[in-house]
Amino acid sequence: MWKVDRVWCAVFLLLLLVSNPAVVSASTVTEPQGKIILTVTGTATSLSHGPVFKFDMALLKNLPRHVVKTANPWRDEVSVYEGVLLRDLLYAVGATGSVMNVRALDDYHEDIEIADVQSIDVILAYKRDGLYMPVRDKGPLFVVFPFTDDPSLLTAARRSQSVW
């Protein structure tokens with residue numbers, strides 16, 4: 001048996017070992033009925049779902065919605081991003097740990113400290129300016145930091161963690 005001390009969080013395959021508090025419990029996550037857009041794997045307290053949680057858009061949208069209005073290095077103008085706070089997602093699946101690894105469809109991945117998503121309103125966005133984001137334009141999910149609200153976040157490390 002192997003011990004995991006990090007979370008693999010992929011924006012299609014979101015693997016994690018997370019921390020606690022938020023607004024939703026693991027018991028609220030049910031089985032997806034539509035196309036899977038997010039998979040969360042790792043150490044979680046909800047034994048009813050096992051070590052893997054799969055989300056379709058409907059399940060993701062059942063989690064508390066959060067909006068971030070921000071510019072980022074990939075768009076000149078300020079956009080309105082809508083999605084779920086990463087801390088709420090982690091709480092919803094009962095994740096435990098200290099690091100999550102966000103993995104994109106093309107296997108690009110970066111680690112994000114769980115303490116950071118507890119203290120910063122980082123969202124897993126599914127909409128930009130009211131529209132769902134296609135794969136060819138940073139979709140279907142995009143890790144968005146509130147760069148405009150907190151310019152100190154605009155570092156090379158945070159840009160790298162903005163996985164889509």
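**Notebook: a predicted chain, entry by entry**

I began with E31, which counts as exposed because its relative accessibility is 54%, over the 50% cut-off. I placed E31 in the loop between β2 (14–17) and β3. I then looked across to K54, which is 23 residues from E31 along the chain, and found 7.3 Å between their C-alpha atoms.

**Confidence**

I noted that the model is predicted. I looked up the confidence next: the protein chain has a mean pLDDT of 81, and 78% of its residues reach 70 or more. Which element has the lowest mean pLDDT, and which the highest? I found the lowest, 37, in strand β1 (residues 7–10), and the highest, 98, in β9. I also recorded that pLDDT stays under 50 over residues 1–27. The model has 120 contacts beyond four places in sequence for this stretch.

**The chain as a whole**

I counted four helices and eleven strands in the protein chain. Of its 164 residues, 46% count as buried.

I turned to the interior with a general expectation: in soluble globular proteins, nonpolar side chains tend to be buried together. The largest nonpolar core here has 31 residues, and L38, F55, L60, L86, L89 and V143 touch the most other members. Which elements each supply at least two residues of this core? I listed the strands β3 (38–43), β4 (52–55), β7 (99–103) and β9 (123–128), together with the helices α1 (57–62), α2 (86–92) and α3 (114–119). Helix α2 gives the most to this core, with four residues. Apart from it I found another core, of eight residues, which includes Y81, L85, A125 and F142.

**Aromatic residues**

I recorded six aromatic pairs in the structure. One of them joins W74 and W164 edge-to-face, with 5.3 Å from centre to centre and 75° between the planes. Why does this pair tie together parts that are 90 residues apart in sequence? I traced W74 to the loop between β5 (65–72) and β6 (75–85), and W164 to the segment after α4 (156–161), so the pair links those two parts of the chain.

I checked the exposure of both rings' residues. W74 counts as partly exposed at 32% relative accessibility. W164 counts as partly exposed too, with a value of 32%. I then found that W74 and W164 form one aromatic cluster with Y81 and F142. Over the face of W164 lies K138, at 4.4 Å from the ring centre.

**Backbone entries**

I looked up a cis peptide bond: the one from G139 to P140 is cis, with omega near 5°. P140 is found in the loop between β10 (131–132) and β11 (142–144).

I also noted positive phi values in residues other than glycine. For D107, phi is near 75°, and this residue lies in the loop between β7 and β8 (109–113). For D129, phi is about 50°, and the residue is placed in the loop between β9 and β10. Is D129 buried or partly exposed? D129 is partly exposed, with a relative accessible area of 41%.

**Helix α1**

L141 is 84 residues from M57 in sequence, and their C-alpha atoms are 10.0 Å apart in space.

N62 also lies in helix α1. I found N62 to be exposed, because its relative accessibility is 61%, over the cut-off of 50%. V84 is 22 residues from N62 in sequence, with 9.3 Å between the C-alpha atoms.

Note on methods:
Residues numbered from 1 in each chain as written. Predicted model: local features only at pLDDT ≥ 70, side-chain atom pairs only at ≥ 80, totals over all residues. Heavy atoms only, no water. Core = buried A, V, L, I, M, F, W, Y, C linked by side-chain atoms within 4.5 Å. Buried < 20%, exposed > 50% of the residue type's maximum accessible area, 1.4 Å probe, protein only. pLDDT = per-residue confidence, 0-100. Contact = heavy atoms within 4.5 Å. Phe/Tyr/Trp six-rings, centres within 6.5 Å; stacked < 30°, edge-to-face > 60°. Lys NZ or Arg CZ within 6 Å of the ring centre and 35° of its normal.
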